[in-house]
Amino acid sequence: MRLVAEYKHDILCDISSDGRLVLFYRSSYPTRSYRIYGGWVKANQPEVYDDELRVVDLRDGREVSRIRVEFFPENEQLVPGTLKVFYKEPQRRGNELRWVLRLWDFSTGEVEVCSSEDWANFRHATIVDSQHVFGALYREGSGEAIALLTLPDCKLAIGDPVNPSDPTRMTTGLIISPNRRHLAYLTSGEVYIRDIATLRIIERLKVPVGLVYKCGPIYTPDGKSLLVTASNMIFDKAEAKHYLLFYDTVNYEAVRQLDITGWMPPKMSDDSAIASCFVGTALAVSPDGWVMAVGYTRVRERLLWTEEQAEVVLYDLSSGEEVGRVAHPAIRQRRDDPFAARVNRIAFTPDGKYMLTSTYDTRVWRIE
């Protein structure tokens, strides 16, 4: 792979369905721009009001448009079939914090606003098409329910709990199948598959005996497989084993189990540490479904300081073997910014020619 472009202080958010446009989040103070468990963190940082969302043409690096946003918006996505960006933005009014949903037309600069007390609890937004956004709506004391937001009128329809057998449960994320027919998510140790048109549960995937689901699910871009990571232990131990489970999306039956223990060595520094949900900190499957890219942070002890480096490793999904590796520049570890070398996002362009990897900066690699 060959490095062909680098975008400083730009965190990758999304790539358009045709691979031409890229959505970035930019901040002049990247040390304050990191997330913990889906939330945002701001500690001992100055008030800065220059954060932006940027749309860039990947072919020549030309900026198409930009808009100022509040500190670290969420759910930033390009709306398919349009020239619009959907995002959720925090707004402060004195000591009060509220959230609004915005739809930014980057061709005209116009912004449509959805304002409701529910938006603070509308999580895992996943766009189906130009008019529909699925998410999980958290309600105090009753867990999460499937919710459908209709654009541009901002109507919110609340459906069944994500887990009907235990409504207090929550999900780690929602994904839409490539054919836009199914909604999948993990909750309470089970993977649920719902029909998008009716939201009826059509499958509940139980983990194989002796294993526990760790994260997922993830559809391969060709839509033929659903991938879920699993382990024989909840906690990291030296003897822990990790697996990638493959489900056929025709009938959602388990068809394969790949041992990926070597991808994610146990971390013994914290006896109470629970294994990361994802293998590494970010991952993506290539458009042809043959390769998985996984983000890691390599730590090297020096004489007077510790060095960190973001790396992305490519694995063959048929054998589990490493087939490639790229890295961001090494940096000195900083106590006030523990995630500066964390890989936040990996994405392939739909044609499979490029891979984008993102920390606080984004690098574009040509696959050769």
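A contact is defined here as a pair of heavy atoms within 4.5 Å. Of the contacts in the protein with a separation of 6 or more, 45% are between residues 24 or more positions apart. The model is predicted: local features need pLDDT of at least 70, side-chain atom pairs count only at pLDDT 80 or more, and totals for chains, interfaces and linings use all residues. Residues are numbered from 1 along each chain as its sequence is written, and side-chain values use heavy atoms, with hydrogens and water left out.

The protein has 368 residues, and 49% of them are buried. Buried means under 20% relative accessible area, exposed means over 50%, and partly exposed lies in between (1.4 Å probe, protein chains only). The protein exposes about 17800 Å². Carbon and sulfur atoms supply 49% of that area. Accessible areas come from the Shrake-Rupley method with a 1.4 Å probe; for residues, only the protein chains shown count as cover.

The secondary structure consists of zero helices and 31 strands. Both kinds of element are DSSP runs, numbered from the N terminus: helices are H or I, at least four residues, and strands are E, at least two.

The largest nonpolar core holds 18 residues. Such a core is a set of buried Ala, Val, Leu, Ile, Met, Phe, Trp, Tyr and Cys residues joined through side-chain atoms within 4.5 Å. Tyr25, Leu53, Val85 and Trp104 touch the most other members. Two or more residues come from each of β2 (10-15), β3 (21-26), β6 (52-57) and β9 (84-93). Strand β3 gives the largest share, three residues.

Strand β9 also belongs to an open sheet of four strands, in the order β8-β9-β10-β11. The pairing is antiparallel. Two strands count as paired if DSSP finds at least two bridges between them. In general, strands of a sheet pair through backbone hydrogen bonds, either parallel or antiparallel. Strands β8 and β11 stand at the edges. Each has a single partner strand, so one side of each is left without a neighbour in the sheet. Neighbouring strands of this sheet are turned by 30° against each other on average, direction ignored. Axes for such angles are lines fitted to C-alpha atoms, for helices over the stretch in contact, and angles run from 0 to 180 degrees between N-to-C directions. Strand β10 (residues 96-105) is joined to β11 by five bridges. Arg102 has Val113 in β11 as its bridge partner. Asn75 has a positive phi of about 60°, although it is not a glycine.

A second open sheet of four strands runs in the order β20-β21-β22-β23, again with antiparallel pairing. Its edges are β20 and β23 (253-259). Each of these has a single partner strand, so one side of each lacks a neighbour in the sheet. The twist averages 25° from one strand to the next. Six bridges join β22 (residues 242-248) to β23. Asp248 stands opposite Glu253 in β23. Strand β20 (residues 212-219) contains Pro217. The peptide bond from Gly216 to Pro217 is cis, with omega near 0°. Cys215 is buried, with a relative accessible area of 1%.

The count of disulfides comes to one. A disulfide is a pair of cysteine sulfur atoms within 2.5 Å. Cys114 and Cys154 form it, with their sulfur atoms 1.6 Å apart. The pair links distant parts of the chain, 40 residues apart. Cys114 is in strand β11 (residues 111-115), and Cys154 is in the loop between β14 (143-150) and β15 (155-161). The torsion about the S-S bond is about -60°, so the disulfide is left-handed. Cys114 is buried at 7% relative accessible area, and Cys154 is buried at 19%. Cys13 also counts as buried, at 8% relative accessibility.

The loop between β14 and β15 also holds Pro152. A cis peptide bond joins Leu151 and Pro152, with omega about 0°. Arg180 lies in another loop, between β16 (174-176) and β17 (182-187). Its phi is near 60°, a positive value in a residue other than glycine. Arg180 counts as partly exposed, at 40% relative accessibility.
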